Amino acid sequence: MSKQVNKQCTVLLVDDEPQIVEFLQMGFSYEGFHVLVATNGPDALHMITEHQPDIVILDIMLPGFDGLTVTRLARRTHDSAIIMLTAKDEVDDMVEGLDVGADDYVTKPFVFKELMARVRAVLRRHGKVVGDELTFQHISLNRSTRLVSVDSEVIELTPREFDLLELFMMHPNQVLTRDIILSRVWGYDYTGDDNIIEVYVRHLREKLHDMPPRLLQTVRGVGYSLRG
């Protein structure tokens, strides 16, 4: 059994790039969020007013009016947490975004795990309930301290191994496709060999002492599943 992010949390995704929206929508849905989407500034402001989401993931460059304007106007009447998405060279926009009321920012391209860590931190500052402890049978994982233990003994994982195990523990007894694993752990812009998943799964099995019959199972032709 695993403890997850409070399913009552609502996130508003505001971006006009379909690939980014699809990537974020899939990620936040898997994290247990109720997901809303807007693709321009006016619609974003309307949805913030109408739905009062717990957190807004807001691109700076938007049709209608930009994310800085959305933040400035939203802050007059609403206290939703706001994380801005920026390009690496938009330093002035980052500073202005924080000045007008954004809680944090993430630069593109990004890995979803980085964004999710910032989301959890911002939600905690806003007093929202966020689940950091995940357990599955004899495996325990703490998302804040990034510690993993097996039968109460702490084991060392690389950052990527931790992210992969966290994904499996967030969705026990579900089959995760290779595409989902790649986008969630390696990022939406990953273009390398998908055999990398097999390598990391093998490493995880070794470190978790996962002997047959395995908890981390291969579903041939589809992906992998953590099953009890």
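Modeller: Strands (E, at least two residues) and helices (H or I, at least four) are DSSP runs, numbered from the N terminus. Keep in mind that this is a predicted model, where local features need pLDDT of at least 70 and side-chain atom pairs count only at pLDDT 80 or more, while totals for chains, interfaces and linings use all residues. Residues are numbered from 1 along each chain as its sequence is written, and side-chain values use heavy atoms, with hydrogens and water left out.

Now the sheet. It's an open one, with three strands in the order E10-E12-E11 and antiparallel pairing. Strand E10 (175–177) and strand E11 (216–219) are the edge strands with a single partner each, so one side of each has no neighbour in the sheet. From one strand to the next, the twist averages 30° (axes are lines fitted to C-alpha atoms, for helices over the stretch in contact, and angles run from 0 to 180 degrees between N-to-C directions).

Zoom in on E10 and strand E12 (residues 223–226): they run antiparallel and are joined by three bridges. Leu176, for instance, has Tyr224 in E12 as its bridge partner.

Two helices pack on this sheet. Helix H6 (residues 159–170) touches E10, E11 and E12, and its direction makes about 65° with that of E12; contact here means heavy atoms within 4.5 Å. H7 touches E10 and E12, and its direction makes about 75° with that of E10.

H7 also leads us elsewhere: helix H7 (178–186) is one of the elements covering the buried residues of H1, and strand E1 (10–14) and helix H5 (112–125) are among the others. Those buried residues (under 20% relative accessible area; exposed is over 50%, partly exposed in between, with a 1.4 Å probe and protein chains only) are Ile20, Val21, Phe23, Leu24, Gly27 and Phe28. They sit on the same side of H1, because they cover an arc of only 165° around the axis, taken from the directions from the helix axis to the C-beta atoms. On the face turned away from that buried side, H1 carries the exposed residues Pro18 and Glu22.

Stepping back, the domain assignment gives domain 1 (10–126) and domain 2 (133–226), with bounds from an automatic or database assignment. Their centres, taken over C-alpha atoms, are 28 Å apart. The contact takes 16 residues from domain 1 and 17 residues from domain 2.

Definitions and conventions: Two strands pair if DSSP finds at least two bridges between them.
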